[in-house]
Amino acid sequence: MNADRRDRLRDAAIGVLAAAGGRGLTHRAVDAAADVPHGTTKNYFPTRDALLRAVAERCLEQYRDTAAQMAAGALPTDREGLVAMFGGLLRNVAGPGRPRLLAYLELQAEAARKPWLSAVLDPIASSDFAGFEAAQRTAGLPVTPQRAAVVTLAMHGAIPHLLADGPDTLAAAGLDDPDRFVRDLLQAVYPEGDKSARAGS
């Protein structure tokens, strides 16, 4: 089958998931979004599960591309550099990354009932734990696996709220200012001036 058309269909399916949710993900909707003849999506992905798998695999590819771009750049060397990096990731959620992350959350909801889909998606979140820990370490913070995991989980937990864009919730969480949110998070996990934190105990 045509690889370019396959990717076009998968990208269109991400857009459908982001715009219409899981219930809106149909072969016909993807055909329309990709502007291809009726039945094209079904020829490539005969069942809804096949379509879900294709979208999940595309999200994983896009995540790995993003992670590779980040790895190719310079990792932060101090606390403020880490604030800029993580704050930028959070701003991306409500910006260019919004369709992919909306689709990802829809896929996660499906994965709660489909173990095979959970297995496809698992590398996306699990890879962040190692990558974010490395960034915290190069920034000179007194990293332990537990502290690094708390930061990563807090970053993940922010995503649904940023996508929902409820002003009161964002203000209550400090997410109306992503840099401040990250700075406060790091201060809570790695208090400046805390001797035990400096020791990494």
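The lining of the largest pocket divides into 19 nonpolar, six polar and two charged residues, where Ala, Val, Leu, Ile, Met, Phe, Trp, Tyr, Cys and Pro count as nonpolar, Asp, Glu, Lys and Arg as charged, and the others, Gly among them, as polar. The model is predicted, so that local features need pLDDT of at least 70 and side-chain atom pairs count only at pLDDT 80 or more, while totals for chains, interfaces and linings use all residues. Residues are numbered from 1 along each chain as its sequence is written, and side-chain values use heavy atoms, with hydrogens and water left out.

**Largest pocket**
- A pocket here is an open set of points on a 1 Å grid over the protein atoms alone, where a 1.4 Å probe fits, with protein on both sides within 12 Å along at least five of seven lines, and its lining residues have an atom within 4 Å of a point.
- Closest to its centre, of the 27 lining residues, are Tyr63, Leu89, Asp128, Phe132 and His156.
- Helix 7 supplies the largest share of the lining, seven residues; helices are DSSP runs (H or I, at least four residues), numbered from the N terminus.

**Nonpolar core**
- The largest nonpolar core has 28 residues, such a core being a set of buried Ala, Val, Leu, Ile, Met, Phe, Trp, Tyr and Cys residues joined through side-chain atoms within 4.5 Å, with buried meaning under 20% relative accessible area (1.4 Å probe, protein chains only).
- Helix 4 gives the most to this core, with eight residues.

Key. Buried means under 20% relative accessible area, exposed over 50%, partly exposed in between (1.4 Å probe, protein chains only). Helices (H or I, at least four residues) and strands (E, at least two) are DSSP runs, numbered from the N terminus.
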